[in-house]
Amino acid sequence: MLYILVKKQLAEIFRSFFYDPKRNKARTLSSKIIMIVLFAFLMIGILGGMFFSLAMGIRSIITLGYGWFYYIVMGLVALFLGVFGSVFNTYSTLYLAKDNDLLLSMPIPVKDLIVSRLVSVYIMGLMYSAIVCIPSIIVYFTVSAISFLKIIGCLSWLIVISIFVFALSCLLGYVVAQIAARLKRKNIVTVFISVIFLAIYYVFYAKAIDMMQELVKNTVLYGQSVKNSAYPLYLFGTMAEGSIVGVVGYLALSLLIIYLLWHTLSYSFLKIATMTKTTTHTKINNKTFQQHSLFKALLNKEFGRFMSSANYMLNCGLAILFMPIAGIALIIKSQEVIAVMNALSQNVQGAIVVLACSGICMLASMNDMAAPSMSLEGKNAWIIQSLPVDAKMLLKAKACMQYILTGIPVCFLSICVMIAFKLSFVSSLIILIFPQLYCLFTALFASWIGMMRANLQWTNELYPIKQSLSVTICLFGGWGVSFAMGLLYMYIGHHLGAGIYLLMISVLLLLLSYMIIRYFDHHGNEKLMNMH
Amino acid sequence: MLQINHLTKTYGDKIAVKDLNLHIKPGEIYGFIGHNGAGKTTTLRSVVGIQQFDQGEILIDGHSIQKEPLACKKIIAYIPDNPDLYEFMTGYKYLNFIADIYNVDSVLRQERIKTYGDLFEITNDLGQPISTYSHGMKQKLAIIAAWMHNPKLIIMDEPFVGLDPKASHILKGMMHEVCEANGAIFFSTHVLEVAEKLCDKIAIIKEGQLIKQGTMEEVKGDESLEDVFLELEEE
């Protein structure tokens, strides 16, 4: 039984190699090979290579005789990456598995079910931590001589890290499950937690090089300090270098962790997996039956859809958060930013205004919620298709949602730019108006491309949200256009002056927006009816 | 009320519906029966304008579904075979959304939601997200939504699937009320006993072609509808 369940779990992990969710059918042999090669390239070539470079950068620690300290540093990186990479996976694998109900209704021992799920979680964690651990071990042996004890040590180190990752992922997954089961506004909290994780990741990533350089410079100081005041950590490092005490001690600790984890999960798994989730309940009041116009009804529907999915908000609306943060950061760090902008503008007249517009537009391009919106109608498309709704109204509602969610934070950011750069009245007016025109155009464009490339046959909403061509075009196209706008001014546009240059682009954006609206008016219904 | 003239629809090489002609008058309950894949859903989807067809014409109250889709959709309601509704909405929000689309005023919508919600015994659940509803509850919600704007023609694909016996009985009563008010019902079903008792007229479709249609007496004579259907299927 356990073997069958584990096999099923493994098939699920590696499902994307053998099954194409976009077309809902099995991949061809060549497609399978390409997928596996690409995955290997990504994991070993790109990520492995990245951590190989990191390990190479600090290998002087090993030559100083502080190999154990090197293993502590790399071990912590592996732990961070492993836990960061697999915490949400753990939550969904253990507690959100779609087949939990089915399997629990079958004569399958619950412990077999838990073990099979845990094997899947362990493999994911092992994969993430091995990306750091294996390059670290290779780099270690390029400096230090190979011995039997050292090989046993580093293998134990890899196993211990994978078990720590496993335990921490399960623990955090358990916490997330407990929170999710009790929350009403789960999607908003998921977005909030994800943003915090992202912030930690970026802070860590931004400071990693400085931290590594500091460690290399002061290896002896930090090493001695760890040895004197954090002996278990020291033992963790020596384990990797083949210390018998370290190996035995940490393997014993790992066994204890596995036992405790097993004990906790076997007690809580059924409770959480079968828990009835808290749901929102609308209170009946005068507003419940309030009548809205057709457009407002469609717009409310679009907002409701956006707010209902953490994936949708995180992938298509992150700029809603980024723009106010960028605006406040800009005011706080205005002197530094002005210095950078002055350097970039190379004393070209009006360049600061154009570059600021370009920067705001670039950030605004990260919002593309209208692009997957039509595809997200999915199985519900029959509703809108069978109702007396003009397609142009629907498309404009989708565009309007994006414009509102982008235009307001853009306005805030524009005001921050005006304050930070102490712009003149005319420049301030440009900074306020131009990005709004850009937002209007991108919202209409996203709605249009979303309709042209609509795919209603998805099995997981992440495909239209993350992997559809419409989203890719909007995101990267928006970045490209914004960047080109700034670049073009520096090379050619400055001859016209910032005002005329941006006015010309504004006219172009308005013209294109008008053409899209005309397209909605004339071809929208036909396109909507032909979507299946 | 509904005129289907020479309707033909193909999917690649497969002919789903071939030269189908069907007329439904006000006050009629028209049953549509046939085996799986006979072309029932294709016909119903074409009628409500959510599927393009290759040849023919569909007129609803004199308006062409191809040329004047909005005019047609304003007077019809559709319930598909699988009620995939907006799961991110609560029952109330969904019904309000539908009422907004059809411009039903606040007082009337409140009255209808209350009446039909109580009839189907789901008023207390309307504040919950649709994602928590069972199949039967979604079906009930889809029915209430369809009745929200007092449509002249109601198209239903397997409307009794998932409904409990009491809800099925209520739905049958509601269908009769629509017809008494000079509206019309066109629905597909596999439950021949229901079709036999409920319908004024019936059409049997096989491999995309109508093989028999007319009043219940014309179609079945002295036999049971089940016997007639099985005989026709074997021919």
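## Close-up views of a predicted two-chain model

Buried residues make up 37% of the 532 residues in chain A; a residue is buried if 20 or more other C-beta atoms lie within 10 Å of its own, exposed if 12 or fewer, and partly exposed in between, with C-beta atoms placed from the backbone. This is a predicted model, in which local features need pLDDT of at least 70 and side-chain atom pairs count only at pLDDT 80 or more, while totals for chains, interfaces and linings use all residues. Residues are numbered from 1 along each chain as its sequence is written, and chains are lettered from A and ligands numbered from 1 in the order in which they are written.

**View 1. Chain A as a whole.** Chain A has 23 helices and 2 strands. Helices (H or I, at least four residues) and strands (E, at least two) are DSSP runs, numbered from the N terminus. The C-alpha trace of chain A spans about 75 × 65 × 50 Å along its principal axes. Of the contacts in chain A between residues at least 6 apart in sequence, 86% join residues at least 24 apart. Two residues are in contact if their C-beta atoms, placed from the backbone, lie within 7 Å.

**View 2. The contact of chains A and B.** The contact takes 27 residues from chain A and 29 residues from chain B. On the side of chain A that touches chain B, at least two residues each come from α13 (294-308), α18 (381-386) and α23 (498-529) of chain A. The most come from α13(A), which gives 6 residues. By class, this side of chain A has 8 nonpolar, 15 polar and 4 charged residues. Ala, Val, Leu, Ile, Met, Phe, Trp, Tyr, Cys and Pro count as nonpolar, Asp, Glu, Lys and Arg as charged, and the others, Gly among them, as polar.

**View 3. The open sheet of chain B.** The sheet has 6 strands in the order β6-β7-β8-β3-β9-β10 (chain B), with mixed pairing. Two strands pair if DSSP finds at least two bridges between them. Strands of a sheet pair through backbone hydrogen bonds, either parallel or antiparallel. The edge strands, β6 (76-79) and β10 (209-215) of chain B, each pair on one side only. From one strand to the next the twist averages 15°. Axes are lines fitted to C-alpha atoms, for helices over the stretch in contact, and angles run from 0 to 180 degrees between N-to-C directions. β6(B) and β7(B) run parallel and are joined by 4 bridges; B:Y78 stands opposite B:I155 in β7(B). α5(B) lies across β6 and β7 of chain B and runs at about 175° to β6(B).

**View 4. Strand β9(B) and its partners.** Of the 6 residues of strand β9 (residues 201-206) of chain B, 5 are buried, so the strand is largely enclosed by the rest of the structure. β9(B) pairs with β3(B) in the parallel sense over 4 bridges, and B:I204 in β9(B) is the bridge partner of B:I33. β9(B) pairs with β10(B) in the antiparallel sense over 6 bridges, where B:A203 stands opposite B:Q213 in β10(B). The hairpin of β9(B) and β10(B) has 2 residues between the strands, and B:E207 in this hairpin takes a positive phi near 45°.

View 5. At 1.5 Å a residue, the 16 residues of helix α6 (residues 165-180) of chain B should span 22 Å, and the end C-alpha atoms are 23 Å apart, which agrees. The expected span of a helix is 1.5 Å times one less than its number of residues. B:A167, B:L171, B:M175 and B:V178 are buried in α6(B). Seen down the axis of α6(B), these buried residues fall within an arc of 85°, so they line one face of the helix. The arc is that of the directions from the helix axis to the C-beta atoms. An α-helix has 3.6 residues a turn, so residues three or four places apart point the same way. The face of α6(B) turned away from its buried side carries exposed residues, including B:K166, B:H169 and B:E177. α6(B) lies across β3, β7 and β8 of chain B, at about 140° to β8(B). Just after α6(B), B:N182 takes a positive phi of about 70°.

**View 6. Two loop residues with positive phi.** Most residues other than glycine have a negative phi. A:K422, which is not glycine, has a positive phi near 50° and is placed in the loop between α19 (391-421) and α20 (425-452) of chain A. With 10 C-beta neighbours inside 10 Å, A:K422 counts as exposed. B:N150 is not a glycine either, and has a positive phi of about 55°. B:N150 sits in the loop between α5 and β7 of chain B and is partly exposed, with 14 other C-beta atoms within 10 Å.
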